[in-house]
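Please open the model in the viewer and keep the selection panel at hand.

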Amino acid sequence: MQYAAPTTTEEAARLLASNPKAARVLAGGTDLLVQIRAGMIAPDLLVDIKKINGIRDITAEGGGYRIGAAVSGAELGEHAGVVAMWPGVVEAVELIGSTQVQGRCTMAGNLCNASPAADSVPALVAADAVARIVGPRGERNVAVLDIPRGVGKTSLEAGEFITSIYLPKRPDRASDAYLRFIPRTEMDIAVCSAGVSLTLDSKGIITEARVALGAVAPTVLLVSEAAKALIGHKPDDATLAALGKACSDACKPIDDKRGTIEFRRDVVAVLAGRAARIACQRAGGSL
Amino acid sequence: MALDEYQKRDFKIIGTRQPRPDGIDKVTGRALYGADITAPGMLYAAMLRAPHAHANIKSIDTSRAEAMSEVKAVVTAADFVQGLGDDTQDVIDACIARDKVLYDGHGVVAIAATSRAAARRALKLIQVEYEVLPHAVEIDDALAAGAPVIQAGRRGNKVPKGYNDNCTNWCEFGHGDLDAGFAKADKIISRSFRTAATHQGYIEPHACLASMGPDGQGDLWCCTQGQYFVRTLCAEIIGMEESRLRVTSSEIGGGFGGKTTVFIEPIALMLSKKAGRPVKMTMSRDEVFKATGPTVSSVTDVRIGMTRDGRITAGEAFLRYQGGAFPCLTIFPGAQSAFAVYDLSAVRTRAVNVMTNRPRQAAYRAPGAPMAIYAVESVVDELCQEFGLDPLEVRLLNAASKGTKSSYGPTFDDIGLLATLKAAKAHPHYTAPLGPNQGRGLSCGFWFNFGGNTSVSLNVNFDGTIGVTEGNPDIGGSRVSISMMAAEELGVPYDKVRTIVADTNSLGHNDVTDGSRVTFAVGLATIKAARAAIGEMCRRAARVWDIDEDAVIWEDGHAKPAGPNAGSHQPMSLAEIARQSPNTGGPISGHHEVNAEGAGVSFGVHLCDLEVDPETGFTTILRYTVFQDAGRAIHPDFVEGQMQGGAAQGIGWALNEEYIYGKDGRLQNAGFLDYRIPVASDLPKIDTVILEIPNPGHPYGVRGVGETSIVPPLAAISNAVSRTIGVRMQELPMSPPKILAAIKSAGN
């Protein structure tokens with residue numbers, strides 16, 4: 001196995017493209033190294049992207065924030081600007097792994113691992129976040145929603161990797177929230193999850209909303225019916241019931257060792273409702 | 001029964017909280033665990049494990065692996081002699097498959113190579129042809145007519161007609177007239193309960209280093225709860241005399257009963273024998289889950305009758321346990337303990353063990369008792385609800401006490417159940433207010449405790465310090481407790497004593513660290529070894545003073561003349577006698593060997609408050625208090641630790657831990673992500689109340705405390721959940737999907 005730590009995105013892309021099947025990107029390594037140790041994969045080449053200029057930076061851009069692909073969960077959680085603007089995204093990222101893992105894990109890695117249960121992904125999709133991708137043919141911007149393509153599969157092409165994720169600017173009275181269900185209190189993987197991002201008018205009526213669900217389908221679901229149930233309403237019981245029903249109807253869960261279809265359908269509705277209430281509160285609304 | 005050992009006295013050291021001698025080593029990394037032992041020229045072992053629940057092995061081709069220059073030995077079941085005694089044969093058959101794979105992860109071929117990576121590569125070159133057979137991993141499936149027979153010829157001769165060939169063991173206990181008892185009841189409730197197999201979850205995986213010499217002498221270093229049984233088993237399996245094999249136990253990162261058998265040690269010894277080099281063998285976490293011994297899973301039918309004023313008139317239970325693909329005796333303690341907390345005039349338990357395509361079970365903290373008592377305590381709780389009775393008052397009304405003929409036969413001596421119940425009743429926890437969606441549950445618990453073969457040596461060093469040599473791995477703070485007992489008896493400060501755990505050739509036989517036996521039995525032997533040393537020190541003083549040895553007494557660490565008639569001599573301290581010992585007859589030591597009886601039974605009561613999220617089924621444990629009789633708490637920190645640890649493991653068992661099998665009979669959750677032991681944030685601070693009702697069978701009154709504490713949590717939590725949601729839960733674990741389904745079913 002070879003290890004390379006290029007300092008430019010071009011060099012990293014060239015290395016990855018040179019051996020597309022057997023090369024892997026190493027950022028935090030909290031998924032990659034576990035998979036290597038477990039014998040699930042045996043890559044010939046690890047391309048460590050942490051030495052690339054700027055890839056560990058969080059920068060204000062266009063009223064939002066660009067998060068470098070190698071920014072760790074702990075670093076993100078200490079950035080006052082991002083925490084204030086996108087608290088739901090930050091709380092989702094901070095749920096990845098344990099305190100120790102937080103020192104290494106990254107949003108981009110969580111996204112590229114393409115687990116249906118990835119914690120940061122529903123929050124990023126609700127936030128309408130955009131990933132910047134670099135590859136042999138240059139740079140492109142892709143909505144986070146369009147990155148996962150199945151369990152363990154992404155839309156990234158050979159030699160491509162994510163260099164940053166952009167969280168757009170928010171109007172006043174807008175916020176987000178993320179909740180997941182696990183049978184324990186930490187160190188676990190989502191049985192189902194919901195991210196809600198919304199904007200309120202001056203009376204507390206929801207004017208814009210995005211609702212994304214995790215672990216209830218092979219990839220994250222952006223549920224437009226759920227958003228419609230919120231828009232034009234306050235987060236009262238009837239609205240949240242409609243939101244919950246839209247979520248239950250949209251999800252396509254499986255029975256597995258972590259939960260049943262019935263349980264996931266029921267609980268994802270509960271989580272979406274609770275997340276919507278939290279997001280409204282954070283946006284300055286009253287319940 | 002030696003039940004007159006206890007003498008009331010005032011203690012100076014017993015009951016204080018002394019620093020543990022292994023603490024600094026463990027927090028700095030200096031302590032040596034199983035995988036820390038290395039030797040020059042050492043090889044690395046790896047095991048090819050079967051990917052089927054049940055399959056005939058048609059052929060094994062290891063030629064390509066053996067052709068690798070790095071591979072130095074290959075071992076299959078064919079390398080071991082067959083026809084050992086049933087128990088020992090089962091041990092090696094569980095390690096490595098003979099003709100037939102009996103469970104997912106069953107070992108098939110072991111390799112020793114010059115590096116771990118080479119050993120792993122070699123495994124990939126081995127070709128095994130399997131004929132996959134129908135399997136049964138659940139109790140009901142293995143009991144069904146037409147079920148695949150897991151091992152032919154193992155049907156138990158006491159198993160009644162009507163049970164199939166997977167039924168290996170049967171037992172019955174009880175007394176009194178059940179029909180008459182049930183006729184007196186105002187209400188009879190019958191229920192059936194299920195518990196999943198759970199793993200001990202020790203953090204240190206199994207690891208050993210085996211070194212067999214060309215002269216037939218061997219050394220084995222391993223992580224175990226008992227070096228002596230490892231020697232006995234491995235010597236028989238390898239075919240050598242016990243004196244030829246020295247076994248040294250490492251520090252141990254948890255065992256809880258799971259390290260009272262062997263899974264890798266005979267394999268490593270055979271690899272070393274064939275390779276002529278030391279072989280290190282370690283298990284991954286995945287292997288620990290798949291191929292070591294979890295506890296049994298169970299189905300238990302319980303029927304209990306009660307009068308409207310809360311008197312239990314009769315109780316009966318039928319237990320079906322599976323302990324994997326082999327016969328298993330865990331039904332015995334299960335059937336014996338089911339009703340042990342109650343004073344009953346009519347009681348009967350019956351139990352059957354059924355083989356399944358699962359790994360061979362190993363002991364887990366009070367093996368067999370938690371699931372049986374869970375079933376009984378659930379029905380008692382439901383009867384209390386039925387009559388609107390206080391569940392603690394009903395326990396007080398029916399509790400076993402001194403003179404009770406127990407449900408399993410013997411009559412109880414001094415026991416602490418009533419005292420623990422009264423302590424629970426008086427505790428503020430029992431009357432604390434509860435909020436919405438919250439409930440309180442309680443359960444009693446019981447464990448037999450054990451004594452067993454024990455050998456201790458105590459040396460009085462020339463400088464007046466004390467060395468105690470014992471033969472049980474220190475799994476729960478035993479070195480500090482044993483040092484404290486030696487210091488107390490001798491009358492010297494605690495820090496003058498150092499206790500070490502010896503290898504098999506340094507001391508007589510010691511039974512495995514199980515049955516909560518060590519503080520009781522090793523403590524007893526240590527006190528008696530100290531008394532033997534005291535006797536010798538008194539003789540030395542008598543010699544110096546030139547008086548009769550009977551005229552010398554021992555007080556506060558000094559030899560003194562017994563009275564004025566013995567003459568006026570200045571008392572001699574232990575240190576003085578030790579310093580002079582080369583001139584008074586040579587080194588002074590005491591030793592004691594015993595097959596200890598009189599291990600007092602132990603009772604506990606647990607109170608649990610919890611909250612259930614009615615929309616998700618998630619349970620939060622809010623408050624938890626353990627009341628337990630320790631007889632005498634030698635070192636209260638470690639007694640409290642045992643009480644808290646058992647509660648923590650029981651909470652995991654009740655809420656989320658389970659072996660999950662797919663339709664293919666393969667284990668789906670062989671790791672700590674999906675095998676959910678509680679993490680720290682899942683638990684409240686677990687409060688403890690130690691009761692001290694002295695055990696007549698121990699000089700200081702000690703009872704074992706290690707196991708009772710895992711017995712009550714299952715029912716205490718299930719009772720609390722059932723009261724909170726208004727539905728009687730009958731299956732563990734009560735994972736959120738099950739609780740939510742129960743809530744929904746009640747709503748419909």
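Two residues are in contact when heavy atoms of theirs lie within 4.5 Å. This is a predicted model, in which local features need pLDDT of at least 70 and side-chain atom pairs count only at pLDDT 80 or more, while totals for chains, interfaces and linings use all residues. Residues are numbered from 1 along each chain as its sequence is written, chains are lettered from A and ligands numbered from 1 in the order in which they are written, and side-chain values use heavy atoms, with hydrogens and water left out.

**Stop 1: where the chains meet**

Select chain A and chain B together. In this interface, 19 residues of chain A are in contact with 20 residues of chain B. The two chains bury about 1,900 Å² between them, 54% of it on carbon and sulfur atoms; buried area is the accessible area (1.4 Å probe) that two parts lose on being put together, summed over both. Now highlight A:Pro183, A:Arg184 and A:Lys257, the residues of chain A that lose the most area to chain B, together 35% of what that side buries.

Turn next to the charged pairs. A salt bridge here is a side-chain nitrogen of Lys or Arg within 4 Å of a carboxyl oxygen of Asp or Glu, and seven are counted between chain A and chain B. One to display joins B:Lys744 and A:Glu262, at 3.0 Å from N to O. Helix H11 (residues 261-282) of chain A gives six residues to the side that touches chain B, the largest share. Helices (H or I, at least four residues) and strands (E, at least two) are DSSP runs, numbered from the N terminus.

The side of chain A that touches chain B divides into eight nonpolar, three polar and eight charged residues. In this scheme Ala, Val, Leu, Ile, Met, Phe, Trp, Tyr, Cys and Pro count as nonpolar, Asp, Glu, Lys and Arg as charged, and the others, Gly among them, as polar.

**Stop 2: the two domains of chain A**

Colour residues 2-167 of chain A as domain 1 and residues 174-282 as domain 2; such bounds come from an automatic or database domain assignment. The centres of the two domains, taken over C-alpha atoms, are separated by 24 Å. Their contact takes 26 residues from domain 1 of chain A and 23 residues from domain 2 of chain A.

Between them, domain 1 and domain 2 of chain A bury about 1,900 Å², 60% of it on carbon and sulfur atoms. Select A:Pro116, A:Pro122 and A:Ala126: they supply 25% of the area that domain 1 buries against domain 2, more than any other three residues. Three salt bridges are found across this interface. To view a salt bridge in chain A, show the side chains of A:Arg282 and A:Glu91, 2.8 Å apart from N to O. Helix H5 (87-93), helix H8 (120-126) and strand E8 (148-150) of chain A each supply at least two residues of the side of domain 1 that touches domain 2. The residues of that side divide into 18 nonpolar, four polar and four charged.

**Stop 3: an enclosed helix in chain B**

Move to helix H12 (residues 391-398) of chain B. Six of its eight residues are buried, so this helix is largely enclosed by the rest of the structure. Buried means under 20% relative accessible area, exposed over 50%, and partly exposed in between (1.4 Å probe, protein chains only). The buried residues are B:Pro391, B:Leu392, B:Val394, B:Arg395, B:Leu396 and B:Asn398. Among the elements that cover them are helix H11 (369-387) and helix H18 (713-725) of chain B.

**Stop 4: a buried loop residue**

Which residues does B:Ile710 touch? Select this residue in the loop between strand E26 (686-691) and H18 of chain B. B:Ile710 is buried, with a relative accessible area of 0%. Not counting residues up to four places away in sequence, B:Ile710 touches B:Tyr364, B:Arg365, B:Ala366, B:Pro370, B:Gly646, B:Gln649, B:Gly650 and B:Trp653. B:Ile710 and B:Arg365 lie 345 residues apart in sequence and 6.8 Å apart in space, C-alpha to C-alpha.

**Stop 5: backbone details in chain B**

Most residues other than glycine have a negative phi, and most peptide bonds are trans. The peptide bond from B:Leu732 to B:Pro733 is cis, with omega near 0°. B:Pro733 is placed in the loop between H18 and helix H19 (736-747) of chain B.

B:Asn449, which is not a glycine, has a positive phi of about 70°. B:Asn449 counts as buried, at 10% relative accessibility. Finally, select B:Asp546, whose phi is near 55°. B:Asp546 counts as exposed, at 69% relative accessibility.
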